[in-house]
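Here is a short report for a reader who is new to this structure. Take a look at the sequence and the model, then read on.

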Amino acid sequence: MQEFQQHDFAQVRLSTARLELRPMQMDDADALFAMCADAEFVRYWSEPAWQHREQAERRIQRDLDALPRGDYLCLAIVRKQDGVWLGNCSLFSFLWECRRAEIGYGLARPYWGQGYMQEALQALLAYGFEHLQLHRVEADIDPANRASGQSLKRLGFVQEGLLRERWIVDGQVSDSALFGLLQPDWLALQTSAAKHASV
Ligand SMILES: CC(C)(COP(=O)(O)OP(=O)(O)OC[C@H]1O[C@@H](n2cnc3c(N)ncnc32)[C@H](O)[C@@H]1OP(=O)(O)O)[C@@H](O)C(=O)NCCC(=O)NCCS
């Protein structure tokens with residue numbers, strides 16, 4: 001039987017031109033709470049707006065506990081220039097036999113529209129496909145979440161399906177648009193981007 005490697009995510013650090021990605025830490029609780037208490041931020045999210053700062057502390061503790069077990073990788077997105085916490089992004093629901101995981105992400109509202117998530121997810125996907133050797137990454141988003149869909153498409157994700165009435169959040173029923181990105185497609189996109197950059 002094939003053996004699957006257990007990953008310890010506690011030391012993961014990723015770097016891009018403008019950003020540092022590192023595991024969430026307890027000091028991030030205020031910024032995480034402010035992001036998730038924002039009604040506009042949670043408009044298409046899987047949870048209602050947070051009401052209590054302890055929700056942020058509990059979430060961070062859950063993420064910290066999961067890192068060494070390698071079953072949830074949640075990274076804070078921090079701006080290098082001034083150390084400001086912008087949001088976070090995650091790989092989770094790992095199914096190592098199929099080399100598959102799901103991706104999640106969010107930016108605090110002041111930082112939307114500046115390409116930060118694009119940059120962060122490029123780094124997270126490079127880690128997933130090239131270091132962890134994932135074969136497939138999936139995203140489940142509200143089809144009405146245009147910004148999220150655009151971010152995924154720019155990265156090469158393809159919408160593969162629509163699941164009806166899959167979420168009920170605060171009494172609101174919504175569908176799921178399922179997106180997928182395969183490792184060979186990701187690698188081909190990187191090669192073609194590198195070719196264009198060198199011309
Ligand atoms: C989904 C979410 C992260 C997208 O944020 P975003 O800032 O639009 O994401 P991106 O980093 O992809 O930014 C791309 C936008 O920045 C613009 N931009 C500005 N400067 C840029 C740069 N240097 N590089 C790339 N894009 C840049 C792009 O034109 C694009 O805007 P457009 O979509 O109007 O064309 C954000 O809306 C969010 O956090 N929403 C709430 C949480 C949520 O819904 N999460 C997803 C749940 S599954």
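## A helix residue to start

A193 sits in helix α5, residues 183-198. A193 counts as partly exposed because its relative accessibility is 43%. Buried means under 20% relative accessible area, exposed means over 50%, and partly exposed lies in between, with a 1.4 Å probe and protein chains only. The C-alpha atoms of A193 and S46 are 33 Å apart, and 147 residues separate the two along the chain.

The model is predicted: local features need pLDDT of at least 70, side-chain atom pairs count only at pLDDT 80 or more, and totals for chains, interfaces and linings use all residues. Residues are numbered from 1 along each chain as its sequence is written, and side-chain values use heavy atoms, with hydrogens and water left out.

## The sheet

What is the strand order of the open sheet? Its eight strands run β1-β2-β3-β4-β5-β6-β8-β7, with mixed pairing. β1 (14-15) and β7 stand at the edges with a single partner strand each, so one side of each has no neighbour in the sheet. Two strands pair if DSSP finds at least two bridges between them. Strands of a sheet pair through backbone hydrogen bonds, either parallel or antiparallel.

| Strands | Sense | Bridges | An example pair |
|---|---|---|---|
| β2 (residues 19-23) and β3 | antiparallel | five | P23 and L75 |
| β3 and β4 (residues 85-95) | antiparallel | seven | Y72 and F92 |
| β5 and β6 | parallel | three | A101 and V137 |

## Strand β3

Strand β3 covers residues 72-79, and eight of its eight residues are buried. In a regular strand the side chains alternate between the two faces of the sheet. Both faces of β3 are covered. Y72, C74, A76 and V78 are buried on one side. L73, L75, I77 and R79 are buried on the other.

β3 and β4 form a hairpin with five residues between the strands. There, G83 takes a positive phi near 75 degrees.

## Strand β6 and D140

β6 is mostly covered, with five of its six residues buried. This strand spans residues 136-141 and holds D140. Which side chains make polar contacts with that of D140? One is R166, at 2.3 Å. Another is W167, at 3.4 Å. A polar contact is a pair of N or O atoms within 3.5 Å; within protein, one must be able to donate a hydrogen and the other to accept it, and residues adjacent in sequence count only if both atoms are side-chain atoms.

Leaving aside neighbours within four places in sequence, D140 touches E102, R166, W167, S176, A177 and L178.

V169 belongs to strand β7, residues 158-169. Buried or exposed? V169 is buried, because its relative accessible area is 14%. Residues up to four places away in sequence aside, V169 touches W45, S46, E47 and P48. The C-alpha atoms of V169 and W45 are 8.2 Å apart, although 124 residues separate them along the chain.

## Around the ligand

How many residues surround the ligand? There are 18, and the closest are L107, G113, M117, Q118 and N145. A residue is near a molecule if one of its heavy atoms lies within 4 Å of it.

A backbone N or O atom of L107 lies 2.8 Å from a ligand oxygen. For M117, a polar backbone atom is 2.7 Å from an oxygen atom of the ligand. For Q118, the corresponding distance is 2.9 Å. Taken alone, the ligand exposes 960 Å², and the protein buries 72% of that. These areas come from the Shrake-Rupley method with a 1.4 Å probe; for residues, only the protein chains shown count as cover.

β5 (100-107), α3 (116-131) and α4 (146-154) each supply at least two residues of the shell. The largest share, five residues, comes from α4. By class, the shell has eight nonpolar, eight polar and two charged residues. Ala, Val, Leu, Ile, Met, Phe, Trp, Tyr, Cys and Pro count as nonpolar, Asp, Glu, Lys and Arg as charged, and the others, Gly among them, as polar.

Methods. Helix = DSSP H or I, 4+ residues; strand = E, 2+ residues; numbered from the N terminus. Contact = heavy atoms within 4.5 Å.
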